[in-house]
Amino acid sequence: MKLKNMTNKVRGNMQLHPFHLVGPSPWPMFTSFSLMNLALSMALTSHGYMGHNYFMFLAMFVVFYSMTLWFKDMMAESSYLGDHTMAVKRGMNQGFMLFVVSEMLMFVSLFWAYLHSALNPNVEMGMMWPPMGMEAMSPAELPLLNTMMLLASGVTMTYAHHALMNKDRKNTLYGFMYSTMLMVVFVFCQGLEYSFSSFTIADSVYGSAFFSATGLHGMHMMMLAMMLAMCTWRVYNYDFTNTSHVGAETTMLYLHVLDMMWLFMYMVMYWWGS
Amino acid sequence: MAIDPETFKFETPQFDPRFPNQNQTKNCAQNYVDYQKCIAIKGEDFEPCKIFWRTYTSLCPVDWVEKWNDQKEAGKLPFKLD
Amino acid sequence: MFSRILKQTVSKRTLTSSSRLFQAPTKVNSPTATKLAEVTGPDSSLIGPGAQPGTIPSNLDQATGLERFEMLGKMEGVDVFDMENPIFEGSGTMQDPYLVPTYVGYRYVGCMGKKGEEHRPYWLKVTCDEPARCWHSGVVFLGKYVGAPEHSHH
């Protein structure tokens, strides 16, 4: 331990540990209530207890609003107040890893649900997959384009990351913008594909398993598009440095994990399953 | 297909390696489907089709067969027969 | 009229960290520290110069606060949070207790026992006033005040 380089006065004035003890904040409570509101109004709307979906959209707006407020606090704490020491960053990265693992397990359960019926279709399905009377989507059309777009987004993401680490602002911005746009186009094409589908989520176990899995993935893609848009903004706003960009790292990890999930989903549910 | 009490020999299906498990649901359904396919091509009097008939009559619960027969008449049988 | 009300309302917000930020005085008292010795406390010496327009900043340009303090320490090989080996004086006996550096007059220590006779961490509040003895292994600790004299609680 070397103390000679810093005056003891300074050391006694600083926080004595590297961890970030967050201050009192209303946003966890606010977010919890808005999420509960969203869940309730979604359930009530989709089960026909309300003749409109205004409450659902209001709740969605409030969720986004509380997320915005929470995230701007976090950005202030990291970029402007300097609360995020190495230990704090490591903790956030580890927390995100755990989140990603739980997400993967959730997708595993959906694959299990799909394959449970697909590998041994029972008598009620006509002992075939897709079940008797169902018409699967063609894997060679829009889904193939979507697969290529997601693979391309992995490339543009790596391009953005390398530009960021090499302090190339222009190419970092381009990389994040291309990735954001690919995500938006993916979500749009997925919506298009859904709107032309010959079956719905209520049509047999095939429709349920198919739309639960691909729909959940699609929702994650919307989240990812928002995360990437936020990263683009933070690069534009000089928030990220070439060595410290936890928000960008977690977004990249998430993008690659969801890309991989899509590849499995494409191979199993669109290609093998049709 | 009527049963002649003089010539009827009581037989249960032998082990089928396609359905090695205790649960014989799909063995029953598969033989029902195969019988329908067989008589669609060869006619009800074609003798080799009867092995399917004997198997599914032995394995299937009666109400399943009745349900499928009703569905078949209504053209709503949930099996692919071609 | 409206703008005045708005201004009053905005200036009264005290809850969130960003309002802390916006209300913080912007005058710079001391230049940005580039060495640990130039840090004068948790003040403007720990505010980085910021990025040049049109560039990606480095952490040395951008980092502020505790993050900058830690980084300046790393650049000089100083573990500013004492995470690795804070106790390096003494042998743990009553005559020669382990001296625990403290900036506030006390420090919590998890005693792990003697070498070869390790036990679960047993937590002690070690002060500068009298030796603290571990109930498991009998190892003795004593606080050693290393902060500025005017901060001492004695």
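Predicted model: local features only at pLDDT ≥ 70, side-chain atom pairs only at ≥ 80, totals over all residues.
We may start with chain A on its own. Its division gives two domains, with domain 1 covering residues 24-81 and domain 2 covering residues 91-274. Between the C-alpha centres of these two domains of chain A there is a separation of 23 Å.

Chain A contributes 41 residues to the contact with chain C, and chain C contributes 42 residues in return. On the chain A side, at least two residues each come from helix 1 (8-13), helix 3 (54-80) and helix 6 (169-195). Of the helices, helix 1 of chain A gives the most to this side, namely six residues. In terms of residue class, the side of chain A that touches chain C holds 15 nonpolar, 16 polar and ten charged residues.

The contact between chains A and B comes next. Here six residues are taken from chain A and seven residues from chain B. The side of chain A that touches chain B is made up of four nonpolar residues, one polar residue and one charged residue.

That leaves chains B and C, for which the picture is simple to state. No contact joins chain B to chain C, and the closest C-alpha atoms of chains B and C are 54 Å apart.

Notes. Residues numbered from 1 in each chain as written. Chains lettered and ligands numbered in written order. Domains from an automatic or database assignment. Contact = placed C-beta atoms within 7 Å. Helix = DSSP H or I, 4+ residues; strand = E, 2+ residues; numbered from the N terminus. Nonpolar A, V, L, I, M, F, W, Y, C, P; charged D, E, K, R; others polar.
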